[in-house]
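Have the structure open and try each task before reading its solution.

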Amino acid sequence: MTMTPDDRGHGDEDHRDTEDWNQGNQIQVERDDGPPAPRRAIPTPNWGLAFDLGLRLGLAIIIGLLLGLAVDNWLGTRPTFTLIGLVFGVAAAFYTIWDVANKSMNR
Amino acid sequence: MLHVEIQAEPLLQIGPLTFTNSMVGALLTTVLLLLAAWFFLRRASLVPGRVQSLVEFPIEWTAQIVKDNGGTHWRSFAPLVVTIFIFVLLANWIGLLPGVGTIGYHEMVNGEEVLVPFVRPASADLNFTLGLALVSFFAFIGLGVRKGGVMTYLKHTFIAEPAYMTPLMTPIHIISELSRVISLSFRLFGNVFAGEVLLATMLFLTTAVVFVLPLAFFVPAVFLSLELVFGFVQALVFAFLTMAYIVLALPEHEEHVQPEAEAEPPPTHSTHSTADPARGAA
């Protein structure tokens with residue numbers, strides 16, 4: 001924190017008060033708890049990804065189900081692959097969330 | 001009779017190619033963009049006039065967002081994202097022009113006379129949006145391959161981290177990737193097509209009562225302005241999701257840090273810290 005001469009010599013509460021005042025007035029406060037974190041670019045529009053995730057959740061389940069149905073119709077094994085496809089679809093839905101969240105957090 | 005066909009209606013048959021009214025909309029959009037590009041490139045000046053500024057504004061605005069969010073490789077995909085934005089925006093807004101969807105020829109379908117419009121907005125056809133989504137899909141695959149290499153991409157896509165999980169994870173990964181294309185295409189198609197249906201319904205209802213309530217004539221205008229906003233938002237969502245997919249597909253360790261952060265001087269020792277409770281209590 002950059003201190004003015006008036007601040008020095010006061011108690012801790014005064015320090016905190018001064019700091020609050022400084023922060024309130026947007027005066028830059030220096031910290032000695034390690035180097036400052038580099039300022040990162042504005043993150044990828046997360047609202048768009050969130051908007052997209054909602055739709056992809058449902059679609060992944062539907063795609064898995066339809067693929068399972070197609071395989072069952074082809075092999076005549078209904079409902080074995082329909083159920084497997086449904087399970088894979090649900091798993092893919094959760095994987096989609098994990099994948100997007102993981103990549104976003106690693107950025 | 002209110003009638004909005006979910007699929008684009010065929011106008012011509014040229015050999016094996018069926019020429020639909022949404023193709024007319026896509027061609028119209030392309031021609032408008034090419035003409036605008038030709039006209040403004042010919043007359044472009046360093047100090048832009050009013051019209052040039054108006055044309056340059058959406059391009060600069062989109063490019064700035066791509067620059068801010070796109071990481072270090074933003075230049076490699078900025079043209080694609082900006083082009084998608086402008087193209088989808090115009091393709092959406094074409095449907096709001098007078099005559100689009102309302103001028104056509106009549107034909108009999110199941111004993112009822114229906115209007116087949118000559119022009120239909122390109123985005124109200126699933127073929128167009130699916131094609132655009134595939135362009136976006138192959139673009140992010142292509143950029144990922146270019147930056148990381150073919151083998152890295154294939155390994156990442158088809159081989160799971162513990163190799164014995166591959167039979168389980170590969171189908172899941174493929175379904176997840178497929179959902180990306182379908183979500184992009186269905187969202188745009190659904191929104192624009194719903195807008196077309198809404199406008200047609202409003203026009204139908206207000207035409208029916210306009211002789212009794214003359215003010216009803218202005219009701220479709222409200223929905224037209226709403227469609228302007230929706231068209232813009234959908235173009236924005238499509239373009240920026242393409243960008244987000246590309247950014248997430250690029251190698252993570254090369255991600256962007258603002259240059260000024262690197263140029264910052266080393267931290268100076270301060271006289272006070274609130275993060276250290278021991279010092280605060282001393």
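**Exercise 1.** Find which residues of α3(A) and α6(B) meet, and describe how the two helices cross.

*Solution.* Start with the contacts, where two residues count if their C-beta atoms, placed from the backbone, lie within 7 Å. From α3(A) come F88(A), G89(A), A91(A), A92(A), Y95(A), T96(A) and D99(A), and they meet P171(B), I172(B), I175(B), S176(B) and S179(B) of α6(B). By class, this contact has 7 nonpolar, 4 polar and 1 charged residues (Ala, Val, Leu, Ile, Met, Phe, Trp, Tyr, Cys and Pro count as nonpolar, Asp, Glu, Lys and Arg as charged, and the others, Gly among them, as polar).

Next, take the axes, which are lines fitted to C-alpha atoms over the stretch in contact, with angles from 0 to 180 degrees between N-to-C directions. Those of α3(A), residues 80-106, and α6(B), residues 166-209, come within 8 Å and cross at roughly 70°. The helices are therefore roughly perpendicular (65 to 115 degrees).

A note on the source: this is a predicted model, where local features need pLDDT of at least 70, side-chain atom pairs count only at pLDDT 80 or more, and totals for chains, interfaces and linings use all residues. Residues are numbered from 1 along each chain as its sequence is written, and chains are lettered from A and ligands numbered from 1 in the order in which they are written.

**Exercise 2.** List the contacts of F238(B), leaving aside its neighbours within four places in sequence.

*Solution.* Once those neighbours are set aside, I84(B), V88(B), L184(B) and L188(B) are in contact with F238(B).

Definitions and conventions: Helices (H or I, at least four residues) and strands (E, at least two) are DSSP runs, numbered from the N terminus. Angles under 35 degrees count as roughly parallel, over 145 as roughly antiparallel, 65 to 115 as roughly perpendicular and the rest as oblique.
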